Amino acid sequence: MSENPDPVRGGDGFAAASFEIVRREDFSDVTYLLEIRHPRMAKAAKPGQFVIVMEHDHGERIPLTLADFDPERGTVTLVVQAVGKTTREMQARCQVGTSLHALVGPMGNPSRIEDARKVVCVGGGLGVAPVYPQARGYKQSGAYVIGVIGFRSKELMFWEDKFRSVCDEFIVCTDDGSEGIKGVVTAGIEEALAQHSDIDEVVAIGPPIMMKFCAKTTRPHGIRTVVSLNPVMVDGTGMCGGCRVKVGDQVKFACVDGPEFDAHAVDFDDLIARLRRFTRSETAALERWQESCRVAAG
Amino acid sequence: MQEQDPQVRATNFAEVACGYTLEEAMREAERCLFCPDEPCIPGCPVEIDIPEFILKITEKSLHGAYETITDTNLLPAICGRVCPQESQCEGVCVVGDTLEPVAIGRLERFIGDMAIAEGWESVPYIEPSGFRVAIVGSGPAGIACAAEMAKCGCDVTVYEAFHEPGGVLKYGIPDFRLPNEVIDAEIEKLRQLGVTFEPNTLVGRLFTVEELVTEMGYHAVFIGTGAGAPSFMGIPGESLAGVLSANELLTRCNLMRARDFPEYDTPLQMGTRVAVVGAGNTAMDAMRVCLRLGAGTVCCVYRRMRNEAPARAEEVQHAEEEGIEFHWLTTPVEILGDEDNDVRAIRCQRMELGEPDESGRGRPVPVPGSEFEMDIDMVVYAIGTKANPILGQTSSLRLDERGYIVTDESLATSIAGVWAGGDIVTGAATVIEAMGAGRRVASEMKAYLGLRDTDVVYHPERRGSAGKRFGIDVDEHDYVRVTA
Ligand SMILES: Cc1cc2nc3c(=O)[nH]c(=O)nc-3n(C[C@H](O)[C@H](O)[C@H](O)COP(=O)(O)OP(=O)(O)OC[C@H]3O[C@@H](n4cnc5c(N)ncnc54)[C@H](O)[C@@H]3O)c2cc1C
Ligand SMILES: Cc1cc2nc3c(=O)[nH]c(=O)nc-3n(C[C@H](O)[C@H](O)[C@H](O)COP(=O)(O)OP(=O)(O)OC[C@H]3O[C@@H](n4cnc5c(N)ncnc54)[C@H](O)[C@@H]3O)c2cc1C
Ligand code: SF4
Ligand code: SF4
Ligand code: FES
């Protein structure tokens, strides 16, 4: 066979061991960062896109937003919150030197970065990670970027410096007031809106309920507001329809039509209700897994 | 052919049809009349020399029968199982005029299974041609094209978005119809031909179709991405928790192995009273999967009549035997939920068939005042699929108004060096048609690359026999070597 002039990933294809974790960082006991080698994806990735990961061959396919990507290092970065079986198991098993069973992406439409001149980028909790590439994208395109981040308390904060470095203004909100404004991110948005009358766009990423309230906050001002939706996904390629969301009077597939949508048109209650589709199985899976960990630990 | 008892099989995922024994196959083969005008051959989309392979079975030359079949169809174990034979080869079999037609599909499966069990292969002498070919999508269309190009010496890479190759064969068609081992065995044969599989690769997003022919340096590209996007009806209640597409159900069950939850992590919550909308192969598969996953009752809701159901006849019959209720001439108009956002019932309407429509079948029209409710707690849509949007979003490929890739008669797309075939061109069709398209493109690619269009399979027993295949003398065909 002839030489492969463009090995997609290091010559011998996607051998199972090739989605190698090269760096891990723990931000708190529930949030961790994984940096994974995938040169081709690092080159292709754009802000707003996501990947689908399988930790092992019996695992579930779970979507995670690209929190960073570095074409030079040839790596992509994910920030994960341990909420259920899969994300906790990954927390326990994904160490530097180990590999993921599957990693596919980048998926979804990239964010539209070009036109806005002054933007507010809002990250709630874990949402700080996925909104970071967009803040950086806006900064690189010459926009004036106001960062708003919100956490329950100071101890849970991460990437504050990294985020701040791409922002012209930076507002921190904590629920308990241990840092910055005491309150949720909408308080930060209100403050930004009060100080600037010429904001073109607000980008908000975080839990659905937070995005719902961000939309509510900006609606009276008529400012274009973009959110990144996170419905349950299977394939991420538009093939199962599990990720369908209501946007205006249309049904959209978040994985191929999104994941970003006009916040003022999104039916958040529908999204929140659909996220509970598998609660029973998820609880069962988590309990079973925790039980097996206890047994293993003696 | 032996089948598992309906009561037993409705609780397991083992194959329904057990396959012929040698004696059964010989007996069935004897029924063929070896019609001189070979009416069954044009009935097969890839024109397998049916009388020839059946003759070889009667002569107990099973390896010979395998080579006859694999001249045109690489995956007999698969097609023998899933082709809609009644509307293809067996539909035109002369014996069928008065009796049951010769069971061509089952004989083909018998040979295909035998080949897997015995490890037969038709790996030819391959001389590298120096050309590199990329295939996008590992369904039957992509597999067929990959095999042909590998056989004539090209360095072939198949890109697949999922973590495992096989397309609908893997994620859609359940094990009780087409066991995963059969697909894996066929994929393994492709690997032996030197084909490289690159799963976890979403073409369009990781790199574009254009990049394949430019910076990645492929000499020819085939797109076989299928028509995977599920349709919904747009009636009220579709976002309730118990409403999903058959694709989601089948992917969770087959590819992600939700049927073995919690050993496998992917969940699939089964209803107790399931309604499946539609009556194609996908609907039959969805219903029978639900039964096997423990649904109490499963019913089919279809707006036309049984004889208009698009599924293979055998599948409808199997579904009936397994206890599926059929509501013909019925269509849902609303899905009703409870306070927990779960499905509680569906409201349906009776239909009657009016004037024939474009498809030649009676157009279903609602009967006024015929609405009624059914107690249902899970609704599965199997009402057809649409073109996947990703390549359209990310390339300059010309698409038609419904999003399918536009090709000319030679299946060439609007980008030079790029062909497309299978469901992404025709809309949802059949496995063998997709494979036929993959082969046709392979022959176009060979012409484009200046490669001799012929198989290089070595057939010692055919030496000296007369006849032409692909317009080339069989004798020559056996000895030709492909050169760049
Ligand atoms: C586009 C997108 C981007 C995301 N980005 C991130 C990210 O950057 N970091 C992060 O920590 N999380 C992200 N998520 C959410 C993440 O996918 C879920 O937290 C994860 O799937 C939970 O799996 P689990 O088994 O640990 O928990 P489970 O116990 O299975 O579920 C916990 C919750 O996660 C949701 N969930 C479960 N399965 C899926 C699924 N297959 N797809 C989507 N949601 C699911 C459920 O609504 C459930 O309430 C993203 C989701 C989407 C759709
Ligand atoms: C449930 C079900 C049952 C069926 N039963 C029968 C039957 O009994 N008999 C019969 O003849 N036919 C049957 N069919 C139809 C038949 O399976 C299809 O016609 C056939 O599989 C089409 O083949 P294909 O190669 O065009 O595409 P597919 O089999 O759909 O394969 C396409 C592949 O491309 C991949 N892909 C898509 N986009 C990308 C991308 N951008 N990058 C990389 N990869 C990509 C997909 O993941 C998929 O694996 C059935 C279909 C279904 C859904
Ligand atoms: S490939 Fe299908 S149509 Fe052709 S002979 Fe075999 S079963 Fe019949
Ligand atoms: S039409 Fe039927 S009987 Fe005649 S050759 Fe074909 S399979 Fe045999
Ligand atoms: S995740 Fe399957 S269609 Fe979006």
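Helices (H or I, at least four residues) and strands (E, at least two) are DSSP runs, numbered from the N terminus. This is a predicted model, where local features need pLDDT of at least 70, side-chain atom pairs count only at pLDDT 80 or more, and totals for chains, interfaces and linings use all residues. Residues are numbered from 1 along each chain as its sequence is written, chains are lettered from A and ligands numbered from 1 in the order in which they are written, and side-chain values use heavy atoms, leaving out hydrogens and water.

**View 1. The fold of chain B.** Chain B holds 18 helices and 18 strands. Its radius of gyration (over C-alpha atoms) is 23 Å, close to the 23 Å from the globule rule (2.2 Å times the number of residues to the power 0.38) for 484 residues, so chain B is as compact as a globular protein of that length. The C-alpha trace spans about 70 × 55 × 50 Å along its principal axes.

**View 2. Interior and surface of chain B.** Of the 484 residues, 62% are buried (under 20% relative accessible area, 1.4 Å probe, protein chains only). Take the contacts (heavy atoms within 4.5 Å) between residues at least 6 apart in sequence: 68% join residues at least 24 apart. The accessible surface (Shrake-Rupley method, 1.4 Å probe) comes to about 18,000 Å². Carbon and sulfur atoms account for 49% of that surface.

**View 3. The shell around ligand 2.** Ligand 2 is surrounded by 34 residues (a heavy atom within 4 Å). The closest are B:Val82, B:Glu160, B:Arg177, B:Val203 and B:Asp423. By class, 16 are nonpolar, 13 polar and five charged (nonpolar: Ala, Val, Leu, Ile, Met, Phe, Trp, Tyr, Cys and Pro; charged: Asp, Glu, Lys and Arg; polar: the others, Gly among them). Helix 8 (140–151), helix 13 (281–292) and helix 17 (431–449) of chain B each supply at least two shell residues. Helix 13 gives the largest share, three residues.

**View 4. Polar contacts of ligand 2.** Each pair shown is a polar contact (N or O atoms within 3.5 Å). Oxygen atoms of the ligand lie 3.3 Å from a polar backbone atom of B:Pro140 and 2.9 Å from one of B:Ala141. A nitrogen atom of ligand 2 is 2.9 Å from a polar backbone atom of B:Val203. On its own, ligand 2 has 1,000 Å² of accessible area, and the protein covers 95% of that.

**View 5. The shell around ligand 3.** Here 14 residues surround the ligand. B:Cys44, B:Cys83, B:Gln88, B:Cys89 and B:Glu108 are the closest. The shell divides into nine nonpolar residues, four polar and one charged. Its largest share, three residues, comes from helix 7 (residues 104–118) of chain B.

Conventions. Buried < 20%, exposed > 50% of the residue type's maximum accessible area, 1.4 Å probe, protein only. Polar contact = N/O pair within 3.5 Å; in protein donor to acceptor, adjacent residues only side chain to side chain.
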